[in-house]
Structure formats: structure tokens, C-alpha cells
Amino acid sequence: MCGIVGFSSRTKPACAPLVNGLRRLEYRGYDSAGVALESKEGIKVFKKTGKVAELDRLLKESLSDAEQEGFTIGIAHTRWATHGLPTVENAHPHVADGGGLALVHNGIVENYAALRAQLEKKGCKFVSQTDTEVLAHLVAVFDKGDFLSAVSQALKKVEGTYGIATISKRHPGEMIVARKGSPLVIGVSDGATVVASDVSAIVAHTRQVIYLKDGDVARVTPEGVDIYTLDNVPVSRDVQAVEWDAESVEKGGYEHFMLKEIFEQPESLRNTIRGRLDTVNGTAILAGLGLPPRDLASIRRAVIIGCGTSLHAGMAGKYLFEALADLPTSPEQAAEFRYCNPIIGPSDWAIAVSQSGETADTLAAVRESIGKGALVSAICNVVGSTIAREAGRGVYLHAGPEISVASTKAFTSQVTVLAMMALKLGRTRRLSREEGLGLCNEISSLPDLVSEVLKENDAIAAIAAKYAKVDDMFFLGRGILYPAALEGALKMKEISYVHAEGYQAAELKHGPIALLGAKTPVVALLCDIPGKEKTVGNVQECRARKAPVIGIVTRGDEEAAAHCNDAIFLPRTSPFTAPVVSVVAMQLFAYHVARIRGCEIDQPRNLAKSVTVE
Ligand code: G6P
């Protein structure tokens, strides 16, 4: 979704770092971009709909190299439209004070209509349909000489969420930033202070960062940062080291981030598993969970909450928790969670799954669960993210930055973490040491199993070429492979725009089978685990309707392959490793279909990496 970058230096040019910072945030999804630069004469604003490259072109057309290098302070933004169309007028930065103040904003001002009406009465002129423009005018109205306190007073009027950065010609050398419900990170490097809504826009400058907390407002200067509460009380925030380096957010020779991230999975899984398996006692070591065995043993029920791919991981978690730990578990779609009076209390375990750790609906569900007294844990990838911090305990994926909007390596790491949680939980309940040791072996084999799947890339690309032009597809799975089928279908629709539906294999005949025919290929998950024979039966039902079937089959299982028109062969798995291994094949299948169709794979239309609105 929207992205913020700010740069403040005495001597270093700001233009290039601002534009490059926006490029790092492109993966979040956006539809316009803009930049505001501070000079002695005032603030200059440049905005463009479309890609950051368009904005860069506009800057080059409008300013000579020497002029560009003269600006050392600026703010920049990528906007993903919420209030108003993606137009130049609605793009950020928004200005007030006759163009003397510029402001960028992530989040939503819920009471913007009332604030706008009040400001219009005071004579403020609005040029956009956005909620953000009221913030710019509010700050200008409150500015009586102290920029920071003007921002604080303005923000006190706001209902909703914000991450903001603002500059004003009345306060040269000062940038004010603040956050509530929308992340903001500050990096202090040699000769410059860099601000961004996401560390990936900062790591090119420094890996020492400060994460602002909700309610913080900070004065950023070329020399550093002073942080206050909205009531002007100074606060100190720790400087933290970012593990990711600039190189790890580059494409590394791959055509797309998505392909790079698919191929990183043996490594990302190794990082997820490292140090977490106790191969003496046959259990998992998940210190961040902070739940002693006594608490684990007394949990009555688990709910696993997430959105999109993270929800599918949670659905696989249900099978793992119930099979290995006899713990009744329900996956919950985060956006619905608080609308159905969730019956959750002190003996229930709410587990929030979120790659970004910023998804608004998942965060709201975490708050609801904390409010109802449940034990709450998070499974996040982004360290220091809001969900990770608010949950207070949990397990990080350590999968490295995921840039492609379509999630891949996060899913396989999420399911792996859930498997380790199920193992730990199972050992406090019913699993023997021997059974635990067997599971440790299976989990440790995952990186190698995934490497085996990646070797099938060319074969998968060839099958994708046969089916790339269809309009509809179905994905079928049974048991723990049902969530994997949902995830395979989600990947397909996200990046290739082929209409794809995931179904529990037997459910197909309760309606969707009416749609089957020669132009509706079916991807069937036929890994050789319990339930396979029944899915083979469902495949025959599809073939009888002339639907071509692409089987995802265990290598050597020629009998299952014989029922399919095409087969993608996978290494042998257990029921517990099958969802991870089979999803990798479907990620590659979706990738190649999208590539052949000429789609924008890393930034699919209308999608955002991190959905921070409800
Ligand atoms: C967006 C992304 C999906 C992701 C979902 C949940 O819709 O496009 O790829 O699965 O958000 O994100 P989270 O960061 O909470 O896992």
C-alpha cells in the first residue's frame, strides 16, 4: 500500500535517495507517486500517476542535474488510492499554507469530512478528494512558530491511523514525522537522516534504525532525531540493527522478485528451522512463545487468524495442531473475526499469522483477543512489526524480506513454524519422544525436499505453456492438501488473472462441477499420503467431464499419474510436509502462466503487499 520516504542532509542531494527509496517500496502496490523538495525559495512538489519511473522522468525533465543536487531535504510518497481516484491532484505530497507546507500520509483519517468542513469555513482551499489534505491544512492552521507542536495539535484532532512526514518553508531544516497505526522507521546514517514506512527503503543508507511507536511524533534534522509524545514529553526509543542488507532486497539476477523468492525457499526454510529443533528430546525450541509447558498443556482451543496466504497457512495449521496435539483448532479469517462475537478467553490460544505484521484486520483481531483475555502469539516475518509487538510473544519466520506482492516464501515458513508449534504442543500432550524425533527429521528435510521441487522448474514451465491461455482453473486437495489447493488457486489468480478456485476435492461435485469442461483445467493434489485414492476418484469425475487434469504426484507413482493429462512430480512427503512441498510446485506453475501471459508479476494490478486498511 502507500509508502513514505524522507531524506534530510546538510550536504547530500536528496532527490536520488528519495526516488530510489520509493523504488524499494514499489512492491507494496501503488498507483501514483510524488516528491516535495525543500529549498531556500520554498517547497517544490512533483507528482505523477503511474510508476515511480514516471516521476523520475518528470523530475529529470523539470530540473537540471545541478538543480536536483541542490536539494538536500525532501519527502516522497507512493499512493494506493483509498479516498479519490488515482490522479495527480490526489497524489501525495499535499500542500497547504500557499504551497509552503507539504505532507505525505499513510493510513486513513476517518473524521476527515468533518475536519474538512471546519477548515473550509476558515478559508482553506482544497484541491483533492483525499483525507490527507485535511492534515496538511490542519498543521498549517496550528503553526504558530513551533512546527512539532503544530503537528501534535493537528494529530490530536484526527480519528484514524497515520504515518506522516511533513516539511515547511517556515521551518527550514526540520522534518516532522509521526505514527499511529501505520509504521514509520528512522535511520540515522553518516551525514543524513532517512525516514521510511518500511525498512527496505532505509537499508541502502544504514542498518541502524529506530521504530517509532504509536503516538510518537519526532523532529528529524540532518543531524538526527528527537522523539516526543503528542503532549510534548520527550521519549527515547532504542536503536535496533536491521538484519537485512541492501543486497537481500535486490533481484539477484532473477527476472522477478517472485521467482527469486520461490528459489530462496530452501534457504529461507533453513533460516526458519535453524536452532529450533531439539533432536535429543524430539521437540521444538520456540523460546519466543513464552508459554511454559504447563500453559501449553492447559490450552483448550486454538484459533489461527490471518488474511490471504497467511490464512491458508493457518488452515494448514489446523490439520497440524489437531493431528499432532489433539488440540481443537479453528482457522479464522481476520476481517470477520470481530464481527461474530468471538468466543475466546483465558484458556484459548489466539495465533495471528502475518508476513508483514501490519495487516489491519489481523491487528484488530489481535487486539480483540488480547481484550478478551486470550493467550496471544504472533507468527510474523517483519521484525518489530506492529502485530509482533502488540502480541508480545511469538515466532519470527526469519524468511528474509519478501518483496513480491504475491507471498511465497512466507507461506512455506509459516506452515513450517506451525508444524514446529504443533510438535512442541504435541509433546506436552500426547506425542512420544520417538514420534517427536520422527517429526524433527521430517521438518529438517523440508529444505532439501523443496530443492527437489525447484529442479522441476523447466518441466513445470512446459506444462504451464500448455494451459496459459485458459480463463478458468480449479485446484483440488483433500485433508491438509485442501489449504494447499486454496493457496495454489490464490497464486494463480493474483499474478496471472486467470480465474482460479480452490476446492476440497469432494466438494467439487456440490456445484462447481457444473462448470467443468475441456477449457477448465483442474490441478489435483495427488501426493501419496492418506486420502490420495479418494482424490484420484474425484479426478476421474473431472476427466469424465472432459476437464484436463494436471496432477501433482509423488515421483514413481505412475498409477496416479496415469489418471492425469499432465503430471508434476514431487519427492515423497509425509502428510505433514506435503503442503509445503506441493505449494512450491504450484507457485512455479502460477509464475510461468503469468509470465507467458505477460503479466506484471511482482506488482499485480489492484493488489498491495501490506493491507493497512480494514
Ligand atoms: C495482502 C497480500 C497477500 C497477503 C495478505 C496478508 O493481501 O497481497 O499476499 O497474504 O495481504 O498479509 P500478511 O502480511 O498479513 O501476511
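1. Setting aside residues within four places of it in sequence, Ala 96 is in contact with Leu 101, Ala 136, His 137 and Ala 140. The model is a predicted one, and in it Ala 96 belongs to strand 5, which covers residues 94–96. With a relative accessible area of 2%, Ala 96 is buried, since the cut-off for that term is under 20%.

2. Helix 10 (residues 308–325) packs against helix 17 (residues 481–496) at an angle of about 170°, and their axes are 8 Å apart. The two helices are therefore roughly antiparallel to each other, a description that applies to angles over 145 degrees, and their crossing is left-handed.

3. On the side of helix 10, the residues that meet helix 17 are Gly 308, Thr 309, His 312, Met 315, Ala 316 and Tyr 319, while helix 17 contributes Tyr 482, Pro 483, Leu 486, Glu 487, Leu 490 and Lys 491. By class, the residues of this contact comprise 7 nonpolar, 3 polar and 2 charged. As background to the spacing of such lists, an α-helix has 3.6 residues a turn, so residues three or four places apart point the same way.

4. Helix 17 is mostly covered, with 14 of its 16 residues buried. Just after helix 17 comes Tyr 497, which takes a positive phi of about 65°.

Note on methods. Residues are numbered from 1 along each chain as its sequence is written. This is a predicted model: local features need pLDDT of at least 70, side-chain atom pairs count only at pLDDT 80 or more; totals for chains, interfaces and linings use all residues. Side-chain values use heavy atoms; hydrogens and water are left out. Axes are lines fitted to C-alpha atoms, for helices over the stretch in contact, and angles run from 0 to 180 degrees between N-to-C directions. Helices (H or I, at least four residues) and strands (E, at least two) are DSSP runs, numbered from the N terminus. Angles under 35 degrees count as roughly parallel, over 145 as roughly antiparallel, 65 to 115 as roughly perpendicular and the rest as oblique. A crossing is left-handed if the near helix is turned anticlockwise from the far one by less than a right angle, and right-handed if clockwise. Contact means heavy atoms within 4.5 Å. Ala, Val, Leu, Ile, Met, Phe, Trp, Tyr, Cys and Pro count as nonpolar, Asp, Glu, Lys and Arg as charged, and the others, Gly among them, as polar. Buried means under 20% relative accessible area, exposed over 50%, partly exposed in between (1.4 Å probe, protein chains only).
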